[in-house]
Amino acid sequence: MTEFQEDGPRELSNTAARKDSILKVCREFDRIEAEIKELRDEKNKLKKDIIAGDLGMKISDFNMARKLVQREQDERDGMLDVMRETFEAHGIGFQMDWVDSLPKITPTQAQAA
């Protein structure tokens, strides 16, 4: 078995090329970060104007529902079962009545889909 040997210090023989590479990467990062900021601002405007403004929803409630919708069917079914059981344990029934009205899918049906 050979032992790991660390490379020696790198020689900076092409300092100008390295400097150019560093500056190029920094400029590209700046461009990408500016795009990300623009997209975040656009997303925040949608949340504020439409979700909270037009629809009157809490943004956190909308985000939770959106995450639930984005889950795979079996993960979503499991999470809804957990929510139903937790609400029942706390004696809070009517908020989860909509879950009870959903068609129940057996594991066999889920695998066939």
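Why are Arg31 and Glu35 separated by about one helical turn? They are four residues apart in helix 1, which means a separation of about one turn.

The model is predicted, with local features needing pLDDT of at least 70 and side-chain atom pairs pLDDT 80 or more, while totals for chains, interfaces and linings use all residues. Numbering starts from 1 along each chain as its sequence is written, and side-chain values use heavy atoms, without hydrogens or water.

**View 1. Arg31 pairs with Glu35 in a salt bridge.** The closest N and O atoms of the pair are 2.1 Å apart. The count of salt bridges (Lys or Arg side-chain nitrogen within 4 Å of an Asp or Glu carboxyl oxygen) is five.

**View 2. Helix 1 covers residues 15–54.** Helices are DSSP runs of H or I, at least four residues, numbered from the N terminus. The end C-alpha atoms of helix 1 lie 56 Å apart, in agreement with the 58 Å that its 40 residues should span at 1.5 Å a residue (1.5 Å times one less than the number of residues).

**View 3. Helix 1 has a kink centred on Lys47.** The kink is about 25°, taken between axes fitted to the seven residues ending there and the seven starting there.

Notes:
Helix = DSSP H or I, 4+ residues; strand = E, 2+ residues; numbered from the N terminus.
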